[in-house]
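Dear colleague,

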Amino acid sequence: MAPRMSAPPATGRVVTVAGEVDPAALGLTATSVHLVSDLNDDGDADDAKVTMEALGALALGLRNRDDRRLTEETVRPELADFAALGGGAVVEATGFDLAGRAAALARLARASGVAVVMGCGGRSTARTPGIAGTSADSIAEGIVRDLRDGVDGVRAGLIGGFDPLDLDRPDDRALAAGAAIAARETGAPVLVERAATAAATHGLLDLLAANGADLGRVAVGDCDGLATDADALAGLAARGVFVQFDGLGRLPTVYRETDDQDVAAAVMDLAGRGHAGRVLLSPRVARKIDLKSYGGGGYGFVAEQFVPFLRHLGADDALLGTLTTENPRRWLTITGDDR
């Protein structure tokens, strides 16, 4: 394995729903999860309560409104379980409808002792009412307001997450540009999702950089699907972005081309190429069936299951600390005097 480049320690602060904290206090971090969210759209017509009998069908793709809705009461014990496994922080990447959620996230953070970094500005033009036709500058103003002033007294600490953006659509292009402008003005980290093709993903990064975003503070999510394409992953890491594997803990099905073992091999390959400092890991928690109480891996899946498997593949304590603690800390830390 090639020697790993050590990254400079993070300085500055991380903005959580409980206020600014020392980056060193974060600990093991799940970098893209949902805590209090409703990810339903018009296609989710079935509102029957999730039951044990329905878990298999839901895991195989049955769409259900109750499954795609996470509440404060439902996730409170799950977040406590994450803390008991050594988890220190989560990034709540829902990114929209903050007025209905910010106060609940603050209560969860206080109850669990887990630092919660709240996203803002996303997820997409389709999920954000009233954004159609809005200029990039206006979008940036709204994001900056959420980062600096907050919602209901609770500040966001992340721009995103965003659903895949299609830059051929003017509204998506404005959303991406607005996110980049806000990142430039505030120094906040950004979370975007991988686009449909490699060329489109790199085009999105080009647009972000052209509008002033520091690509070293940008994470590209949904990279699990690239786990068997080592060169594509290395190409992203070489641009200085964080490569985020955020689908960990999902049950494998015939509809998925990669699984967690593929991701583990990809992580070790990236480390061997000198890119360990550009990798982020997160369980997939977006639905009820992702929670432990509904048969899923829960918020602690990386700590409980994935880290031991990486160790089995040869990862040492230094590498595991880089992946689970140091990289999220560097990504989330806001430096300078932006307030």
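What follows is a walk through the strands, the charged pairs, the backbone and the cysteines.

Please bear in mind that this is a predicted model, in which local features need pLDDT of at least 70 and side-chain atom pairs count only at pLDDT 80 or more, while totals for chains, interfaces and linings use all residues. Residues are numbered from 1 along each chain as its sequence is written, and side-chain values use heavy atoms, with hydrogens and water left out.

I begin with strand 10, residues 218–221. Helices (H or I, at least four residues) and strands (E, at least two) are DSSP runs numbered from the N terminus, and buried means under 20% relative accessible area, exposed over 50% and partly exposed in between, with a 1.4 Å probe and protein chains only. In a regular strand the side chains alternate between the two faces of the sheet. In strand 10, Val218 and Val220 lie on one side and Ala219 and Gly221 on the other, and all of them are buried, which leaves both faces of the strand covered.

Which strands pair with strand 10? Strand 9 (residues 190–193) runs parallel to strand 10 and is paired with it over 4 bridges, where two strands count as paired if DSSP finds at least two bridges between them; within this pairing, valine 190 stands opposite valine 218. Strand 11 (residues 242–248) is also parallel to strand 10 and is joined to it by 2 bridges, with phenylalanine 242 as the bridge partner of alanine 219. The chain passes from strand 10 through helix 7 (residues 230–238) to strand 11 in a right-handed β-α-β crossover, and strand 9, helix 6 (residues 198–210) and strand 10 likewise make a right-handed β-α-β unit. Right-handed here has the sense that, with the strands pointing away from the viewer, the path from the first strand over the helix to the second runs clockwise.

Turning to the charged pairs, side chains of opposite charge can pair when their charged atoms come close. A search of the whole structure finds 18 salt bridges, each being a side-chain nitrogen of Lys or Arg within 4 Å of a carboxyl oxygen of Asp or Glu. One of them links arginine 239 to aspartate 206, with the closest N and O atoms 2.7 Å apart. Because arginine 239 lies in the loop between helix 7 and strand 11 and aspartate 206 lies in helix 6, this pair ties together parts that are 33 residues apart in sequence. Arginine 239 is partly exposed at 28% relative accessibility, and aspartate 206 is partly exposed at 43%.

Another salt bridge brings together arginine 273 and aspartate 269, at 2.8 Å from N to O; arginine 273 is partly exposed at 39%, as is aspartate 269 at 30%. Salt bridges that share partners also join Arg13, Glu20 and Arg155 into one network.

A cis peptide bond, with omega about -5 degrees, joins glycine 160 and glycine 161, and glycine 161 lies in the loop between strand 8 (158–159) and helix 5 (170–186). Aspartate 97 is not a glycine, yet its phi is positive, at about 55 degrees; this residue is found in the loop between strand 6 (87–92) and helix 3 (102–112). Aspartate 152 also has a positive phi, near 55 degrees, and is placed in the loop between helix 4 (136–148) and strand 8, where it counts as exposed at 56% relative accessibility.

Finally, how many disulfides does a search of the whole structure find? The count is 0 disulfides, a disulfide being a pair of cysteine sulfur atoms within 2.5 Å. Cysteine 120 is buried, with a relative accessible area of 0%, and cysteine 223 is buried at 0% as well.
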